[in-house]
Structures are given as structure tokens and as C-alpha cells.
Amino acid sequence: MELSAKSLYVLFEKHKSTVNPFAAVCQCRHETSYQGKPWNSELCRKANNHAGLKQWAGWSGPVYAKSSWEQSPNGQKTERVSNFCSYPSVADFVANYAAKIERDYPLCAASADNFWGYFSGLFRGRLGSWATDLAYLDRMIEQALILGPLFFGDAWQSKCWNAFDFAVSSGRLLP
């Protein structure tokens with residue numbers, strides 16, 4: 001299967017009780033972008049890893065060692081070799097991503113029905129946060145604006161605003 005936003009969405013829909021498919025596709029599109037092209041990062045191409053998932057307690061499969069940088073909450077960047085999960089297929093990646101969200105990002109799982117709340121949940125996980133700074137939210141919003149017309153058609157702007165209003169009124173957004 002050739003990877004596209006739509007094909008990835010279909011796979012994420014199987015996990016929609018804990019994963020918001022649209023938000024997950026936005027995140028993966030951002031995480032796999034390299035040289036201005038989505039689905040083009042080294043991890044995507046060589047390890048079927050579409051979200052930069054590092055080896056974690058819930059993963060017992062193969063790993064892909066790669067030099068990468070991490071940013072601490074104070075903004076300091078450190079480069080190191082890390083073990084990332086390596087997947088035999090995109091479907092295996094999606095299943096592991098869903099398991100990690102369910103286990104480590106309860107605010108995302110609780111907002112599986114709202115992509116704005118899901119984005120917010122990336123800032124507070126059980127063991128830390130996926131997103132280390134507000135620029136990550138900017139990147140998720142950018143992806144939502146790019147992908148909105150593809151998924152929601154001509155009504156994409158109103159769907160995005162309605163989802164935002166719901167996230168605000170239901171307390172789904174972290175301060």
C-alpha cells in the first residue's frame with residue numbers, strides 16, 4: 001500500500017475509540033516531513049515509523065538506531081543515538097501508536113472524538129509530553145489547515161471551528 005494521508009486515516013479509524021484519526025494523520029504528516037515532503041523522513045522510509053516513536057516498555061519488536069535531537073522543556077537541545085521502534089508494516093505502526101496513546105496519553109485518548117483536544121493531550125502524558133513547546137501545537141494546526149480540505153471538503157473551515165468551540169466549551173484544551 002502506498003502511504004497517503006487517506007490510507008493512513010483508514011488504518012487509524014480501526015482505533016478511533018482511543019485515537020482521533022484526523023489528529024493522528026496530522027501528527028504523522030508533520031513527523032515524517034523531510035525536505036518539504038511528507039512521508040519522506042528516514043524513520044518513515046526505513047522503519048515504517050511515522051511518528052518518531054522511540055522504543056518503549058510496550059514495544060518488544062525490532063528497533064532502528066538513529067541519531068536524533070531531543071529538546072528539554074527549557075529549550076535546550078541534545079543530540080544522541082536513540083532506539084526507535086521499527087515496524088514490518090504501516091498497520092503494525094498504527095497498532096503500536098494506538099497502544100502507546102491509550103497507555104501514555106490519556107488526555108489524547110479521552111479526546112478521540114475531537115482533534116483539538118487530542119492535540120492538547122500531546123502536551124501532558126503519563127510519563128511526560130510528546131510536545132515540548134507551543135511551536136508543536138502550531139505545527140499541528142498547520143497540518144490541520146493543510147489536510148482539512150482533503151478530509152472535510154468545502155465545509156472544512158466550519159468543521160474546524162465547530163470542533164474548536166466544542167473543545168473549548170467541554171474543557172478539552174490545556175491552558
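Colleague: Is Gly125 buried or exposed?
Modeller: Gly125 is buried, because its relative accessible area is 17%. The cut-offs are under 20% for buried and over 50% for exposed, with partly exposed in between (1.4 Å probe, protein chains only).

Colleague: What kind of model is this, and how are things counted?
Modeller: It is a predicted model, where local features need pLDDT of at least 70 and side-chain atom pairs pLDDT 80 or more, while totals for chains, interfaces and linings use all residues. Residues are numbered from 1 along each chain as its sequence is written, and side-chain values use heavy atoms, leaving out hydrogens and water.

Colleague: Back to Gly125. Where does Gly125 lie?
Modeller: In the loop between H6 and H7. Helices (H or I, at least four residues) and strands (E, at least two) are DSSP runs, numbered from the N terminus.

Colleague: What does Gly125 touch?
Modeller: Asp104 and Tyr105, leaving aside residues up to four places away in sequence. Contact means heavy atoms within 4.5 Å. Gly125 and Ala23 are 102 residues apart along the chain, and their C-alpha atoms are separated by 16 Å.

Colleague: Now H4. How far does H4 reach?
Modeller: H4 has 15 residues and reaches 21 Å from its first C-alpha to its last, close to the 21 Å expected at 1.5 Å a residue. The expected span is 1.5 Å times one less than the number of residues.

Colleague: Which H4 residues are buried?
Modeller: Val90, Phe93, Val94, Asn96, Tyr97, Ala98, Lys100, Ile101 and Asp104. H1, H2, S2, H5 and H6 are among what covers them.

Colleague: Next, the hydrophobic side. How many residues does the largest nonpolar core have?
Modeller: It has 45 residues. A nonpolar core is a set of buried Ala, Val, Leu, Ile, Met, Phe, Trp, Tyr and Cys residues joined through side-chain atoms within 4.5 Å. Those with the most contacts inside this one are Leu8, Phe12, Phe93, Tyr97, Ile101, Phe115 and Trp130.

Colleague: Which helices supply this core with at least two residues each?
Modeller: H1, H2, H4, H5, H6, H7 and H8.

Colleague: And what does Leu8 touch?
Modeller: Leu3, Val25, Cys28, Trp39, Val90 and Val94, not counting residues up to four places away in sequence.

Colleague: Switching to the strands. How do S1 and S2 run?
Modeller: They run antiparallel, joined by nine bridges. Two strands pair if DSSP finds at least two bridges between them. S1 covers residues 63–71 and S2 residues 77–85. Tyr64 stands opposite Phe84, and Lys66 opposite Ser82.

Colleague: How many residues lie between the strands of that hairpin?
Modeller: Five, and Gly75 in this hairpin takes a positive phi near 95°.

Colleague: What about positive phi in a residue other than glycine?
Modeller: Gln35 is one, with phi near 55°. Gln35 sits in the loop between H2 and H3 and is exposed, because its relative accessible area is 64%. Asn48 is another, with phi near 50°. Asn48 lies in the loop between H3 and S1. Most residues other than glycine have a negative phi.

Colleague: Last topic, the largest pocket. How much space lies in it?
Modeller: About 1400 Å³. A pocket is an open set of points on a 1 Å grid over the protein atoms alone, where a 1.4 Å probe fits, with protein on both sides within 12 Å along at least five of seven lines; lining residues have an atom within 4 Å of a point. The volume is the space filled by probe spheres set on the points, which are joined across faces, edges and corners.

Colleague: What gives the most to that lining?
Modeller: S1, with six residues. H2, H3, S1, S2, H4 and H7 each supply at least two.
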